[in-house]
Amino acid sequence: MTKPSKLSAAENATTLASEDRRDVAALEARLREAEARLRDSNAKLRMALEIGKLGSFEWNVLTDEIVMAAPTREALGLPTGEPLFCPRFQLLFHPADRERIEQAMGYALKTKTDFNTESRIIRPDGRTGRIILRGSVVSEGDKPVQVNAIIQDITEQERARREGSVAQRRQAFLLNLNDRLRDLEDPNTIMEATAESLGQFLEVDFAGYGEVDEELGVNIIAREWSRWVVSTEGRQFRLNDFLPDMMAQLKEGRIIAVDDVETDPRVSTPAMQAIYKTINARTALAVPLLKNQHLVALLYLNAARPRRWSTDDLALAQDVAERTWTAVQKARAEISLREIEARFRIIAESLPALVWIVTPELELTFTNDRWVRYSGFPKDRALGHSWMTTIYPPDMERMREELVPVRQNESPYETEARYRAANGEYRWHLIRAAPLHNVGGEFLGWCGTSVDIHDLKQTSTALRESEERLSLAQKAVGIGVFDWDVTSGKVTWTPEQERLFAFEPNTFTQDFAGWELRVLPPDLAPTKKAIQAAMERRDPEITFSHRIVLPDGSLRYIEVNAKFFYDADGKPLRMVGVNIDVTRYKQAEQRQHLLIRELHHRVKNTLATVQAIVGSTARSTSSIDEFYQSFVGRIVSLSRTHNLLTEDYWQKAALEDLIRTELGPYDDEAQRRVFVSGPPVELPSEAAVPVGMAIHELTTNAAKHGALSNFGGKVEVRWSVEERDGGPRLNFSWIEQDGPPVATPSRQGFGSRLLQRVLTTQLNADVNVDFREDGLRFTMIMPIPRNPPLLTTEP
């Protein structure tokens with residue numbers, strides 16, 4: 001029984017060893033698995049640290065040495081391979097944050113707790129950054145021996161956060177500025193608001209906005225803000241006093257930024273330093289505003305301490321400058337527009353006319369109160385197309401046609417039309433319209449006026465009719481009006497005056513040359529002398545006459561009645577008067593004188609003729625009765641000839657009238673006994689009397705003894721006129737037919753002597769009397785005397 005016991009113990013030992021190997025193998029397997037997981041975790045940790053820009057280090061509290069991985073050292077700008085101790089590590093922290101970090105880690109060591117803090121760091125190369133430091137304390141008993149920590153670089157995140165915050169603040173600032181400017185209407189108030197807002201936002205001491213005079217090179221400040229007060233008094237300064245070429249740079253659109261006046265080489269001269277000290281400025285910023293390549297305005301900032309102007313600062317200042325310019329110009333434009341609208345309304349209401357504005361569709365959008373009162377429309381109905389209903393319908397139809405090209409061409413328009421007033425009366429208006437455009441050139445319609453010209457039109461019509469009547473009267477009477485400006489020498493003639501002097505319309509030379517050209521030379525000098533003498537005597541009026549020669553050579557007699565106008569010193573200023581054509585009156589006067597002289601001559605001639613008739617008749621008759629009959633017949637013939645002559649003022653008588661006056665009573669109703677044929681011939685009085693008496697003697701002889709003494713006899717009288725020896729000659733023939741036989745008389749009576757002697761002696765006629773048996777034939781060839789002049793210029 002003992003043996004089995006021994007085997008059992010050995011077996012047990014073997015079994016135990018086998019179990020131990022299995023346990024070791026299992027432990028080794030678990031260890032390998034744990035190491036693999038550790039490696040995996042470390043890899044993931046490194047990856048996580050890299051992704052999160054995390055680093056780790058271990059601080060041996062006892063030796064004060066810090067063990068830091070190479071990537072962490074590189075991130076912090078520390079050299080690799082060199083021992084790193086806590087004091088050296090603490091120098092990385094920003095001086096302002098260093099005390100706070102030391103307090104946080106000291107508290108963690110004391111309380112054996114974790115710590116979590118944020119700090120700015122300054123790398124050895126000067127670059128700045130920001131980190132988060134998290135760690136825990138490892139203790140042995142109550143004594144801390146090690147600190148394990150993680151460092152996270154949040155520089156980029158902080159920069160992004162800060163930039164985002166700045167952008168948000170800037171956006172908020174601009175929105176608030178816009179809200180503030182929106183309700184401001186005064187340009188100076190706008191400048192003041194933008195200067196104050198920007199100055200406070202950028203934390204400077206002074207801010208201002210001014211307009212630049214390029215020619216003078218000065219900036220004129222209307223409003224300037226300081227940290228404590230806003231200046232309301234305008235001032236100006238020369239730009240080149242602050243920088244030698246400041247004006248040139250600003251005109252190129254360059255922003256000028258000075259971070260520190262004392263270190264900037266551009267403003268190193270004592271004079272410029274003194275200027276900046278005067279205004280207590282260590283830093284300055286100037287933002288130019290260029291419009292149409294001209295420097296028009298300047299936004300400037302300065303502060304009493306140095307400052308580095310960032311890109312964001314420059315962009316914001318430039319943005320504010322543009323907004324200020326836009327707001328100021330808009331405010332000025334609105335003020336100008338309000339002033340223009342106010343002036344327009346004042347003018348529109350003060351004008352004695354209907355003032356209106358219509359759209360391109362001819363819709364009335366504005367009118368003055370005069371239209372409301374005139375039309376009688378309520379104000380709510382006075383606009384739109386209501387105006388068309390007040391135009392006289394025929395005028396409106398005409399205007400519709402006229403407005404077609406006007407609307408197409410957007411051109412001016414002028415016409416006359418009748419408007420219906422509130423009382424129903426239609427009155428004429430002169431309508432003038434001008435195209436209306438906005439600043440962009442867009443056509444907005446027409447602005448116009450309608451002026452009441454009804455009374456003027458009626459007056460004008462009456463005046464025109466009056467002028468036409470006056471012109472007709474002046475033309476009919478022969479009156480011309482002239483106006484002589486003595487000082488300038490200018491002479492103004494009416495159209496009637498030009499017609500009177502035979503000038504073509506509007507061809508008078510407006511000086512004395514045209515008048516002198518027409519005046520008859522013998523009358524010119526006396527006329528001018530009379531005018532000059534009257535002015536020297538200061539006569540108020542003058543009357544004189546002269547003759548003018550027309551282009552056709554005829555004369556006109558002109559009577560002049562004029563008034564003189566003098567200044568206070570008696571100097572002649574004007575001579576205004578009328579020229580009256582008195583030619584026919586002069587002719588009548590001369591004709592009257594001529595007729596009187598002619599009457600004297602004719603009476604004497606007639607008495608001589610009567611005396612000759614008495615003597616000749618007495619010698620050729622044998623009884624009182626025969627004497628009476630012959631004498632009376634001859635006196636009646638003489639009377640008829642005189643009647644014909646007196647019808648033409650003893651100037652001339654027609655040969656045919658003389659013949660028909662004598663032969664007419666002997667013709668029958670069929671006019672077959674007397675035949676008269678010849679061209680019109682006018683005989684002067686000195687030829688008409690003897691020719692008339694000769695025809696009377698021929699007629700008397702034919703009635704007593706010739707063709708007119710029986711029923712079937714005929715008398716044929718013919719004549720013609722021909723030019724011979726430089727003048728007209730009359731060929732006259734008297735032929736009797738179908739009368740009793742004719743025989744040559746045994747003695748010569750009055751008729752024969754008249755035909756032979758008077759015609760030959762007085763008229764130089766070639767007379768032939770042929771007593772043919774079949775009828776008497778009488779022929780005469782005589783020169784026709786020239787007509788005496790109707791009028792003579794000499795008495």
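**Hairpins and rings**

Hi everyone, let's start at a turn: in the hairpin of β5 and β6, two residues lie between the strands, and G141 takes a positive phi near 75°. Please keep in mind that this is a predicted model.

Now look at the strands on either side of that turn. β5 covers residues 128-140, and β6 covers residues 143-153. The two run antiparallel, joined by ten bridges.

How many residues sit between β4 and β5 in their hairpin? There are five, and G126 in that turn has a positive phi of about 95°.

Let's move on to the aromatic rings. The model has 13 aromatic pairs. One of them is F89 with F93, an edge-to-face pair with 5.4 Å from centre to centre and 85° between the planes. Both of these residues are buried, and together with F57 they form one aromatic cluster.

Compare that with F564 and Y566: their ring centres are 6.1 Å apart and their planes meet at 35°, so this pair is tilted. Is F564 buried or exposed? F564 has 5% relative accessibility, so it counts as buried. Y566, at 23%, counts as partly exposed.

Last, two charges over rings. The charged end of K457 sits over the ring of W428, 4.8 Å from its centre. R518 lies over the face of F503, 4.3 Å from the ring centre.

How values were computed:
Residues are numbered from 1 along each chain as its sequence is written. This is a predicted model: local features need pLDDT of at least 70, side-chain atom pairs count only at pLDDT 80 or more; totals for chains, interfaces and linings use all residues. Side-chain values use heavy atoms; hydrogens and water are left out. Two strands pair if DSSP finds at least two bridges between them. Helices (H or I, at least four residues) and strands (E, at least two) are DSSP runs, numbered from the N terminus. Rings of Phe, Tyr and Trp (its six-membered ring) pair if their centres lie within 6.5 Å; planes under 30 degrees apart count as stacked, over 60 as edge-to-face and the rest as tilted. Buried means under 20% relative accessible area, exposed over 50%, partly exposed in between (1.4 Å probe, protein chains only). A charge sits over a ring if NZ of Lys or CZ of Arg is within 6 Å of the ring centre and within 35 degrees of the ring normal.
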